[in-house]
Amino acid sequence: MKGPLIKPLVLTGGVYVVLKFVLPLFTAPLPSSLIFLYIALTVTGVLIFTTLSEQAMEGVFGPVFRFLSGEGVGGAMQTARLGLLVLFPLLVGWQTYSSTVPSDHPPAENRTIHPAPPGEFAGLSNPIPNTPENVMAGKGYYAAYCSPCHGAKFDGKGPAAGGFSPPPANFVDPGTIAMLQESYLFWRIKTGGVGLSTEGMPWKSAMPRWEVELKDEQIWKIIMGEYDGAHQKPRTWE
Amino acid sequence: MRMRKSGHRAGLLLFIGMLFPGTMGLPVAGWAQESVAVRATLIADAVPDDPTASAWNAIAPSEFPLSPQVHWPTRILQVTVQSVKARAIHNGKDVAIMLEYADPTEDPDDAAAVEFMVGEKKAHFAHGQPMAQVEGGPVNIWFWKNKDGKAVDMTAKGFGTLKAQDDQDVKAKGAYANGEWKVVFTRPVTTANNETDTQFKPGDFVNISFAVWDGKKEAGGDLKEKGSQKAISSWWYFRLDPAPNYTPYGYAALAIALAAGFQFVVIRKLKKGSST
Amino acid sequence: MKAILKVFFLFSFLGLFWLVPSWAQQTPLTPSVDYRDVPWIGSRNVIWIIAQVHLVLGGFVLGVPIFAWICEIIGVLTKDQRYDRMAKEFTNLLTAAFEMTAMLGATFLFLLIALYPKLMGYLADIFLPTYYVYVLLFIGSTTTLYLYWSGFESMKGRKGVHLFLGFLLNVFALLIVVVPNSWATFQASPVVLPGGVGVWEKAWAAMWNPTWWPVNIHRLIANVVLGGYICGAYAGIKYLMAQNAEERMHYDWMGYVGNFIGVFGLLPLPFAGYWLMREIYQYNQAMGITLMGGFLSWLFILQAMLIGVLFLGANYYFWLGITYRIPGAEVKYKKPILAMLVVLLLCLGVWMTPHSLVASLEEARKMGGTHHPLLGVFGVMSAKMTVANLMILVTFMSFIMYWRAGKVETAAWAKLAKSVMNALLALAGVAVIVLGVWGYFVPAIVRINYFSTSQVLIVLFVLVTFTPLTAALLKSAKTTTEMVWGRMPARAGYVLVLNAVTVILLMTMMGYARSASRGHWHIYGVLEDTSSYAYSPALGEAGFFMALNTFVVLALVAFIFWIVSSRAVRHPAFSTQYFFLAPFLFWAVSLFDKPAGSAPRVSEGPKYFRRAVATAFGLLIAFTYIANQVPQTISLPPKKVEFDPLQIKTQADLAKVGQGIFFGKGQCALCHSIGPSESARCPDLKGIGAKLTREFIYESLTQPQAYIYQDYRHEGVPKEYPARMPVINKNPIGLTNNEIFSVIAFLQQMSGEPISVHPSEITQPAQTAAAVPIAHAP
């Protein structure tokens with residue numbers, strides 16, 4: 001178990017440890033799907049690199065095969081080998097068990113955060129001129145109607161946000177309103193959570209249907225205030 | 001030479017085969033349980049309908065944060081109760097759900113409720129209000145109020161449609177101690193009303209959400225929270241634990257045998273391969 | 001004599017195609033039914049399979065002439081006989097492949113007419129003249145194909161003429177893609193077609209729709225890739241099954257050329273894809289979001305995986321080539337290969353990280369949603385564009401490294417050139433990354449128009465400067481180690497097979513994406529799919545069909561190779577339209593041989609063939625499995641809303657209905673935008689409600705040519721689209737007065753004006769239709 005073989009093993013293990021245990025020290029833990037993806041890429045890389053030439057292959061797989069076949073293996077290694085040979089079927093058995101047993105976890109939900117808007121909203125444009133007064137007015141409406149959930153800092157962490165799943169959108173994140181046109185926000189604010197299509201899971205969204213309470217003009221102003229406050233620019237085609 | 005090669009290939013397969021289950025299994029196993037579901041423990045005896053029953057102590061609670069109801073006017077932006085703990089027990093016939101939450105004062109108008117979707121259609125958590133692009137279904141609400149001392153089994157499909165059902169299947173009992181409410185709802189696992197009552201099936205996850213009202217009277221005599229002014233959660237999951245099932249062990253045993261056989265063949269091939 | 005016979009058969013076959021347009025003209029224009037179904041499998045699935053298989057085979061048939069022609073030119077230029085031989089070997093395939101594609105095409109067409117009469121009637125009404133053009137092109141293509149094919153022997157002494165024939169063939173082949181592309185792209189991005197214009201003018205207007213050329217270019221490049229990789233796979237299998245050293249050398253070399261041409265096409269493909277995506281976004285935001293952020297976003301994660309396989313496979317093959325074909329090169333190139341591999345994997349990791357992650361509810365609660373606070377930034381376009389550019393750079397460098405391996409530059413300026421190249425490469429890499437990171441902090445439009453384009457230009461600059469520079473360097477270089485052909489390990493052959501399967505799978509996947517992005521429309525926003533198949537299936541089911549279609553294509557291609565390369569050589573007739581009879585005949589003949597008990601063949605060929613098939617199957621099964629593991633959503637058509645006058649109580653209600661009509665039935669948004677738009681083909685209607693009176697708007701809609709409002713001037717160059725304003729209350733759009741009023745109300749609302757149409761003006765069902773003359777309105 002020396003030489004070329006040890007590096008790929010250490011590398012794969014190291015990537016796993018970093019993703020699984022080190023990264024969560026600094027940020028939110030990664031979902032297992034992502035860890036699996038990155039480990040799969042690492043293993044693919046190891047396989048590609050170690051099969052580039054006969055010598056490299058021999059260097060890595062030779063010891064593995066000798067170890068597995070038990071040839072010239074003795075002492076502690078022989079015990080390790082037997083242990084592995086027992087462990088492998090058990091691992092497969094455990095995998096099978098956990099995939100056939102009725103799941104203890106609720107069904108995975110994969111909500112599309114930005115589903116496509118209905119056609120009649122996609123082509124709208126903001127009729128309100130972008131003046132400082134209008135932006136200010138929009139920020140005022142935002143503070144009154146939106147900030148309880150979306151937060152005074154536009155980060156989705158308002159005082160009323162805690163109980164909702166999915167959580168309110170974080171407008172500071174470059175993956176939200178910065179990717180969208182103003183008309184998209186108009187649709188989302190006007191028709192609210194219940195206006196979403198199936199893939200957006202409208203039954204889970206707490207977003208109010210603001211068309212009941214606000215005029216279109218107010219909504220457009222809120223949009224301007226929101227972009228300005230979150231230091232984002234809407235997607236445009238000019 | 002050829003034999004050696006085929007041995008190599010088989011060995012490679014084994015190597016990859018060993019690597020992947022390991023990497024797939026570990027991340028899944030490593031997750032700590034975060035509350036996203038209430039799981040009703042299966043017991044043999046009658047389910048406890050009293051919040052003080054000792055049976056509840058054996059069950060770990062799931063905790064869910066609450067928010068003020070903002071979805072619909074009239075809304076308030078501050079609520080007393082910030083989170084609710086839930087436990088559940090069932091015995092195949094009856095199910096009991098206990099809510100537990102901190103409320104500094106005991107008031108006659110204190111109230112709590114749980115809500116479920118009914119049937120296959122999805123329903124919005126705000127009383128199943130209509131959705132623009134999805135055909136929604138009704139919700140079933142179990143409502144308890146301190147001064148009434150009982151549960152009301154209700155149905156809604158959209159705002160203003162909330163009403164008590166003709167068949168009242170739910171019982172409830174509340175107990176206040178040390179600044180904390182404990183409220184137990186009990187109901188048969190299945191009822192005769194498929195249209196308006198949620199039906200449980202052990203092993204299946206259904207959606208659940210919670211609501212709590214602090215019935216404290218403010219200086220002016222108005223209630224602090226009432227009607228749509230309440231603390232709520234959006235949808236989480238609820239499940240009755242299924243009766244033990246041993247078939248997965250059978251599959252696992254089969255898989256172990258297959259894996260061992262595969263391993264045996266591969267190693268034999270490897271040995272043959274390296275000896276030529 | 002034989003050739004004459006063949007041409008005769010071919011033309012009699014083509015006779016079928018003459019019938020098609022006239023049939024299409026007569027039957028479906030007054031269809032008795034909108035749809036017909038096929039029991040069990042369903043009409044949509046039948047069309048799906050046939051259309052996709054036809055399209056990919058078509059791509060093969062059109063890609064191979066490009067491939068063969070390029071090979072022939074290289075052969076003439078380098079005087080290397082191998083290229084000429086390979087060009088001929090592939091042209092041999094063409095006759096059989098061409099006829100199989102034509103047969104599939106005819107089946108496809110007949111099925112469409114039978115199963116989707118409503119759609120076909122609509123299309124035939126618009127595109128009829130192009131059908132005639134298409135038939136003419138088909139004849140031109142067939143004729144040049146046969147002449148080019150037979151000319152390999154007869155025009156040996158006149159290479160110039162033969163190359164010109166090849167050129168003509170490719171021109172015809174290109175046009176034969178371009179014309180049907182206009183039909184398909186019209187379905188995705190239709191333009192408004194006014195009544196009362198000539199059939200040719202109408203067809204031309206419809207052809208010239210916004211995604212026509214992006215798709216043309218994308219498909220053209222993809223066909224080259226397909227041709228290259230199928231050549232590679234063929235060579236790979238032949239290499240594995242080779243009986244002697246000579247065959248091994250030849251097919252090793254052929255695999256190298258196939259992979260090279262495939263990579264050559266692969267490098268610009270993402271740019272073409274980006275352009276297409278951009279046009280789609282601009283054409284309709286909803287369609288763009290459906291593709292990239294909405295219903296189909298997971299498809300693009302799967303696509304990223306497949307492209308990952310392709311990039312890794314192509315590079316792996318280059319690297320294997322260096323270590324095996326150039327003795328002693330392994331040690332020298334180990335470090336650069338490792339560096340390139342690491343960069344590729346890092347890029348792939350970023351590329352495959354989705355914006356919304358697959359996470360259990362527990363995981364999502366911990367992350368605070370399905371966006372990861374740190375890795376979520378990999379999910380957006382800026383990151384994807386950056387890594388795609390880097391991957392292209394790395395792959396290109398793999399190729400350059402391979403090219404230079406085993407040679408020592410002797411030119412005096414070699415050292416300088418090399419350091420300039422290294423500096424350039426480093427600079428380009430850094431610039432691409434800087435632009436990518438910076439892209440997060442600028443408005444989307446700046447990123448799309450300037451940053452992304454700059455990234456592409458930087459990479460293209462590296463591609464076009466390095467290639468001639470390296471060529472010049474190597475011209476005077478001394479070869480230290482000769483390349484040894486025929487020493488590649490078996491896995492190189494399998495990699496070639498894997499890449500070909502991946503390319504076909506990618507094509508079937510993009511076919512689904514294009515079709516599903518239209519949602520429940522046959523023709524987006526114009527002709528609705530009202531059949532029971534109007535929904536888009538979830539990725540799991542779609543993935544199965546993609547894999548199935550790929551398998552059918554592979555089987556057909558393998559079949560064509562088998563017919564042409566093995567036995568049919570003895571039976572030239574089988575390389576024409578009877579080729580599909582060959583296996584049955586051979587089987588029948590072999591029945592008599594069997595009792596004789598021939599000695600078992602010693603060859604290991606079949607074993608390798610089986611393994612290559614297993615490789616292909618393995619990928620397809622793995623793909624289907626993964627497609628079933630990602631989130632499954634079916635995209636259903638939305639609930640239908642009818643114009644109900646009784647529901648209109650306020651002016652806001654009226655404007656809301658008008659909004660629906662403006663973007664829906666009225667088709668206004670096909671040309672007009674509200675607010676500036678690059679893709680708008682007509683005046684911008686922003687503020688129109690404030691500028692014009694309602695009477696004027698009404699007149700503009702119902703008598704568009706009566707009076708041209710002088711204040712309207714197109715900015716910049718006048719557009720070529722003959723997007724004449726149609727009479728809106730006449731066919732084909734035919735809005736009622738009620739509907740026109742509501743559109744006016746909507747336009748006034750969008751201009752921030754008080755709405756001057758009152759709900760009481762709406763004709764109630766009891767009243768007669770023409771009751772409200774506009775002039776008497778208050």
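**Exercise 1. A loop residue with positive phi**

Task: Locate A:Phe154 in chain A, and decide whether A:Phe154 is buried or exposed.

Solution. 
- Step 1. A:Phe154 lies in the loop between H6 and H7 of chain A. The structure is a predicted model.
- Step 2. Check the backbone. Phi of A:Phe154 is near 65°, which is positive although the residue is not glycine.
- Step 3. Count neighbours. A residue is buried if 20 or more other C-beta atoms lie within 10 Å of its own. A:Phe154 has 26 C-beta neighbours inside 10 Å, so A:Phe154 counts as buried.
- Step 4. Phi of A:His231 is near 55°, a positive value in another residue other than glycine. A:His231 sits in the segment after H8 of chain A.
- Step 5. Apply the count again. Exposed requires 12 or fewer. A:His231 has 11 other C-beta atoms within 10 Å, so A:His231 is exposed.

**Exercise 2. Cis peptide bonds**

Task: Find which peptide bond ending at A:Pro166 is cis, and which bond ending at B:Thr74 is cis.

Solution. 
- Step 1. In chain A, the cis bond joins A:Ser165 and A:Pro166, with omega of about 5°.
- Step 2. In chain B, the bond from B:Pro73 to B:Thr74 is cis, and omega is near 0°.

**Exercise 3. Helix H7 of chain A**

Task: State how many residues of H7(A) are buried, and describe how H7(A) packs on H8(A).

Solution. 
- Step 1. H7(A) spans residues 182-191 and is mostly covered, with nine of its ten residues buried. Among them are A:Tyr184, A:Phe186 and A:Trp187.
- Step 2. Find the partners. The buried residues of H7(A) pack against helix H5 (119-122) and helix H8 (216-229) of chain A.
- Step 3. Take the geometry. The axes of H7(A) and H8(A) are 10 Å apart, at an angle of about 125°. The two helices are therefore oblique to each other. The crossing of H7(A) past H8(A) is right-handed.
- Step 4. List the contact. From H7(A) come A:Glu182, A:Leu185, A:Phe186, A:Ile189 and A:Lys190; they meet A:Ile219, A:Trp220, A:Ile222 and A:Ile223 of H8(A). By class this contact has seven nonpolar, no polar and two charged residues.
- Step 5. Look just past the helix end. A:Gly192 takes a positive phi of about 70°.

**Exercise 4. A helix pair in chain C**

Task: Work out the orientation of H4(C) relative to H5(C).

Solution. 
- Step 1. Helix H4 (residues 117-154) and helix H5 (residues 159-188) of chain C have axes that come within 8 Å and cross at roughly 160°.
- Step 2. Angles over 145 degrees count as roughly antiparallel. H4(C) is therefore roughly antiparallel to H5(C).
- Step 3. H4(C) passes H5(C) in a left-handed crossing. Their contact has 18 nonpolar, eight polar and no charged residues.
- Step 4. Chain C has 24 helices and four strands. Of its 778 residues, 48% are buried.

**Exercise 5. Two chain contacts**

Task: Say which helix gives the most to the side of chain A that touches chain B, and which gives the most to the side of chain C that touches chain A.

Solution. 
- Step 1. Contact of A with B: 49 residues come from chain A and 60 residues from chain B.
- Step 2. Several helices of chain A supply at least two residues each, including helix H1 (6-22) and helix H6 (132-150). H4(A) gives the most, with twelve residues. The side of chain A divides into 32 nonpolar, 13 polar and four charged residues.
- Step 3. Contact of C with A: 72 residues come from chain C and 54 residues from chain A.
- Step 4. H12(C) gives the most to the side of chain C, with eight residues. That side divides into 35 nonpolar, 30 polar and seven charged residues.

**Exercise 6. A strand residue in chain B**

Task: Decide whether B:Glu63 is buried or exposed, and name the residues B:Glu63 touches.

Solution. 
- Step 1. B:Glu63 belongs to strand S2 (residues 62-65) of chain B.
- Step 2. B:Glu63 has 12 other C-beta atoms within 10 Å, so B:Glu63 is exposed.
- Step 3. Leaving out residues up to four places away in sequence, B:Glu63 touches B:Ser35, B:Ser83 and B:Lys85.
- Step 4. B:Lys85 is 22 residues away along the chain, yet the C-alpha atoms of B:Glu63 and B:Lys85 are separated by 4.3 Å.

Notes. Residues numbered from 1 in each chain as written. Chains lettered and ligands numbered in written order. Predicted model: local features only at pLDDT ≥ 70, side-chain atom pairs only at ≥ 80, totals over all residues. Contact = placed C-beta atoms within 7 Å. Nonpolar A, V, L, I, M, F, W, Y, C, P; charged D, E, K, R; others polar. Axes fitted to C-alpha atoms, helices over the stretch in contact; angles between N-to-C directions. Parallel < 35°, antiparallel > 145°, perpendicular 65-115°, else oblique. Left-handed = near helix turned anticlockwise from the far one by under 90°.
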